[in-house]
Amino acid sequence: MKKLDVWFVTGSQHLYGPETLNQVTRDSQEIAKALDAAPAVPVNVVFKPVLVTPEAVTELVLAANHAPECIGIISWCHTFSPSKMWINGLKQLHKPALHLHTQYNRDIPWSTIDMDFMNLNQAAHGDREHGFIWSRLRLNRKVVVGYWREKQIQQKIGAWSRAAAAWNDWQGAKFARFGDNMREVAVTEGDKVAAQFKFGYSVNGYGVGDLVAVINSVTDKEVDRLVEEYESTYEVTSDLRKNGNRHKFVREAARIEQGMRTFLKNGDFKGFTTTFEDLHGLEQLPGLAVQRLMADGYGFGAEGDWKTSALLRAVKIMGTGLSGGASFMEDYTYHLDPAGKLVLGAHMLEVCPSIADRKPALEVHALGIGGKMDPARLVFNTPPGPATNASLIDMGNRFRLLVNEVDVVRLEQPMPKLPVAQAVWKPRPNLEDACASWIYAGGAHHVAFSQAVTGEMLEDFAEIADIEFLLIGEKTTVPEFKKELRTNEVYYASNRGWTI
Ligand code: MN
C-alpha cells in the first residue's frame with residue numbers, strides 16, 4: 001500500500017489573487033499531510049498544486065492517468081472553482097475519484113469572522129459547483145463529507161483507497177484456469193471478453209497437462225523443504241510426518257503445491273481456478289496447495305469459477321494490513337433451529353488459512369468426488385465477528401456485485417467428523433430475508449468471504465468498476481430489495497441514465 005499514491009487536488013480560480021491562493025495552497029498541503037499520516041488511510045496522499053485554469057485541470061488528469069503509482073484522485077474546492085474549466089479534464093479521467101467535501105476550519109470564528117474569511121472558506125458552495133459537474137458528466141466518484149481531522153472521515157477515505165488499490169491491482173492482472181468450467185454449471189460461467197474490457201484483467205485456460213508437466217519436474221529437495229515447512233507450521237500427526245506410514249499423501253500434496261507455485265509465478269498470475277472434473281495426471285485434487293496459495297494472496301475459484309477467483313484477489317488486496325483474512329467460500333449447509341438459524345460455509349477442501357482461529361491441522365482423508373488419491377488439507381474453525389460475502393455475477397448485459405454482511409458465530413459444538421475448514425455465520429438481517437434476497441438477485445453459491453473487508457469498501461469498488469452493487473445488510477427488507485432489482489434493470493437498460 002505504501003507504494004501507491006492518491007493525489008490530493010484542490011480546485012480554485014485566479015479571481016481571488018495570489019495572497020488567497022497561497023493560503024489555499026498552505027491549507028491544502030496541511031490537509032493532504034494529515035490524511036497521509038492518518039492510520040486509516042493505508043496509501044500515500046500526495047499534494048498537487050492548486051488548479052486554477054482548464055489547462056491545469058487537463059494536464060493534472062492526463063498525468064494521473066499515466067502515473068503508475070497514482071491509484072486515484074481526491075478533489076476538493078477550498079474556494080470556488082468554476083466547473084466548466086473541469087469538463088475537458090474530467091471526461092478524460094481514467095482513475096478512481098473521491099470528492100472530499102470538507103472545510104479547512106472546523107468552526108465558524110463567531111467573534112472575528114469577516115468578508116476575508118468568507119472569501120477564503122467557501123467549500124460549502126464551491127464543492128456544490130464541483131459536485132454538479134461530476135453529476136452532469138455522469139462520472140462515478142465517492143463523496144465524503146465532514147471535517148478532515150475526524151477519524152470517521154479518514155476511515156471513509158481509507159475504505160475508498162483500499163478499493164482503488166484493488167482496482168489498480170486488477171489492471172493488467174492475469175488469471176489462469178486449469179481446465180474449464182464444471183460441466184453444466186451456469187453461475188460460474190460468464191463473458192471473459194466483457195470482464196477484460198470492464199475490469200482490466202484477463203482470464204485464460206491452460207491444459208491440466210501443462211500444469212502436470214511442471215509438477216512432474218519438481219525435485220525431491222523442493223518437496224522436502226515444503227514438508228519441513230508444513231511440519232513446523234501446522235499440527236501434524238505422526239503418521240503424516242516424515243517416515244510415517246501415510247507420509248506419501250503429504251509429499252504428493254507438496255509436489256502439487258510446488259508445481260502450482262512455479263506455474264503461477266512463471267506466468268505472473270494473480271489467481272487461478274481448478275475443477276475436479278479435469279484432474280488428468282494429478283494424483284490428488286489440489287487442496288492444501290490451493291489453501292496455501294490463497295494465504296499468499298492468490299485469488300482462487302473452484303469448478304472453473306474465474307469471477308470468484310478475481311474477486312477474492314481484489315478482496316485480499318482491499319484487506320491488506322487489516323486484521324482478518326479472506327477466503328474462497330461456499331454456502332454449504334444450514335442450521336434451521338428457530339433459536340438460531342445459521343449457515344455453515346466450507347468447500348470440499350479449499351478454504352484459506354488466513355481465516356483460521358488457531359494453528360490449522362494438516363489432515364488426509366478420502367474424498368468421495370474426483371476419484372483420486374486421498375488429498376491433504378488444512379482443517380480449522382473461523383473466529384467470530386463481522387464478515388462479508390461477495391459474489392460477482394454476469395447478468396448478460398452487465399456485471400452485478402452482490403454482498404451480504406454476516407456475523408460469524410462461535411461454534412457451540414465441535415464437529416469432530418467434519419474433515420474440512422469451515423466458518424459458521426448468521427446472515428444479516430436474518431437467514432430467511434438474506435437468503436431470499438440473495439436468490440432473487442441470482443447470487444452464486446461461491447463467494448469471496450472476508451473478515452477484513454466491509455460493505456463500504458465493496459460498494460466503493462463497484463462504483464470504481466462502474467458495475468451494479470447490491471447490499472444485503474441489517475436494513476434490508478425483501479420487498480424493497482425486489483424493487484431495487486427491478487429499478488436497476490431499467491437503469492442499466494437505459495445506458496446508466498444517459499438517455500431515457
Ligand atoms: Mn463449489
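**Notebook: helix packing in a predicted model**

I began with helix H13 (residues 431-440) and helix H15 (residues 478-493), whose axes lie 10 Å apart at an angle of about 15 degrees. That angle makes H13 roughly parallel to H15; angles under 35 degrees count as roughly parallel, over 145 as roughly antiparallel, 65 to 115 as roughly perpendicular and the rest as oblique. Axes are lines fitted to C-alpha atoms, for helices over the stretch in contact, and angles run from 0 to 180 degrees between N-to-C directions. Helices (H or I, at least four residues) and strands (E, at least two) are DSSP runs, numbered from the N terminus.

I noted that this is a predicted model, in which local features need pLDDT of at least 70, side-chain atom pairs count only at pLDDT 80 or more, and totals for chains, interfaces and linings use all residues. Residues are numbered from 1 along each chain as its sequence is written, and side-chain values use heavy atoms, with hydrogens and water left out.

I then listed the contact, meaning heavy atoms within 4.5 Å. Asp433, Ala436, Ser437 and Tyr440 of H13 meet Val478, Phe481, Lys482 and Leu485 of H15. By class, the residues of this contact are five nonpolar, one polar and two charged. Here Ala, Val, Leu, Ile, Met, Phe, Trp, Tyr, Cys and Pro count as nonpolar, Asp, Glu, Lys and Arg as charged, and the others, Gly among them, as polar. H13 and H15 cross in a right-handed sense; a crossing is left-handed if the near helix is turned anticlockwise from the far one by less than a right angle, and right-handed if clockwise.

I looked up helix H12 (residues 306-318) and helix H14 (residues 455-465), whose axes come within 11 Å and cross at roughly 120 degrees. H12 and H14 are therefore oblique to each other. Ala314, Val315 and Met318 of H12 make the contact with Met457, Leu458 and Phe461 of H14. The residues of this contact are six nonpolar, no polar and no charged.

Is H14 mostly covered or uncovered? I found H14 mostly covered, with eight of its 11 residues buried; buried means under 20% relative accessible area, exposed over 50%, and partly exposed in between (1.4 Å probe, protein chains only). Among the buried residues of H14 are Met457, Leu458 and Phe461. Just after H14, Asp466 takes a positive phi of about 60 degrees.

I found helix H9 (residues 220-233) and helix H10 (residues 247-266) packed at about 110 degrees, with their axes 9 Å apart. This makes H9 roughly perpendicular to H10. The contact includes Leu226 and Tyr230 of H9 and Val250 and Arg251 of H10. It has seven nonpolar, two polar and eight charged residues.

**A loop residue: Gly200**

I located Gly200 in the loop between helix H7 (192-199) and strand S7 (202-206). Gly200 is partly exposed, with a relative accessible area of 22%. Leaving aside neighbours within four places in sequence, Gly200 is in contact with Trp170, Gln171, Gly172, Ala173 and Ala195.

**The whole chain**

I recorded 15 helices and 19 strands in the chain. Buried residues make up 55% of the 500 residues. The C-alpha trace spans about 85 × 50 × 45 Å along its principal axes.
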